Amino acid sequence: MVGAIPGPEESRERLAAWKGKIDQLAADTQAMSDRMQELRVTVSDPNYMVTVTVDSSGTLLDLQLTERSRRVELQHVSQTIMETIRAAKAQVAEQAKEIIESTLGEDSAAGRAIAERVRNQLIPPAEPEERW
């Protein structure tokens, strides 16, 4: 019979199944959050002058300069620091995407939205140059 109202037992079973899915989603989301909190990335520039460590939000946790940095113009050192931080943030974004996909699934619309939001936080879209 189409459109029949389920009986009490069938309703309880459906509710229990729905609750099980919600409980699993909550556990998966907590696991994802825990893994993201632990995420740290350390990157060195190709010349091993600068090494940076950033966390999952892109916050700089550590900056180390080697002796090589003393023999280079300050402006180049500054530029290398910023490039290395950007590289570390890009790696965090990629690792965060992998964590999200492994937790929520590659086909999860919510997972894709979260990964995109994290990526945009870490690597803001390039702003178009103003033309005068």
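## Basis of the model

The model is predicted: local features need pLDDT of at least 70, side-chain atom pairs count only at pLDDT 80 or more, and totals for chains, interfaces and linings use all residues. Residues are numbered from 1 along each chain as its sequence is written, and side-chain values use heavy atoms, with hydrogens and water left out.

Helices (H or I, at least four residues) and strands (E, at least two) are DSSP runs, numbered from the N terminus.

Contact means heavy atoms within 4.5 Å.

β1 has a covered face with Val41 and Val43, and an uncovered face with Arg40, Thr42 and Ser44. Arg40 is partly exposed, at a relative accessible area of 44%; buried means under 20%, exposed over 50%, and partly exposed in between (1.4 Å probe, protein chains only). Leaving out residues up to four places away in sequence, Arg40 touches Thr53, Val54, Asp55 and Leu61. A polar side-chain atom of Arg40 lies 2.9 Å from the backbone oxygen of Gln37. Such a polar contact is a pair of N or O atoms within 3.5 Å; within protein, one must be able to donate a hydrogen and the other to accept it, and residues adjacent in sequence count only if both atoms are side-chain atoms.

β1 and β2 form a hairpin with five residues between them, and Tyr48 in the turn has a positive phi of about 55 degrees. Most residues other than glycine have a negative phi. Tyr48 counts as exposed, because its relative accessibility is 55%.

## Leu65 in strand β3

Leu65 lies in strand β3 (residues 60-65) and is partly exposed, with a relative accessible area of 45%. Beyond its neighbours within four places in sequence, Leu65 is in contact with Met49, Val50, Val77 and Ile81.

## Helix α3

Helix α3 (residues 109-122) has 14 residues, which at 1.5 Å a residue should span 20 Å; its end C-alpha atoms are 20 Å apart, in agreement. The expected span is 1.5 Å times one less than the number of residues.

Gly111, Ala115, Val118 and Leu122 of α3 are buried. Seen down the axis, the buried residues fall within an arc of 65 degrees, so they line one face of the helix; the arc is that of the directions from the helix axis to the C-beta atoms. Among what covers them are α1 (8-38) and α2 (74-104). The face turned away carries the exposed residues Ala109, Arg117 and Gln121. At the N-terminal end, Ser108 caps α3, with a side-chain oxygen 3.4 Å from the backbone nitrogen of Ala110.

Definitions and conventions:
Two strands pair if DSSP finds at least two bridges between them.
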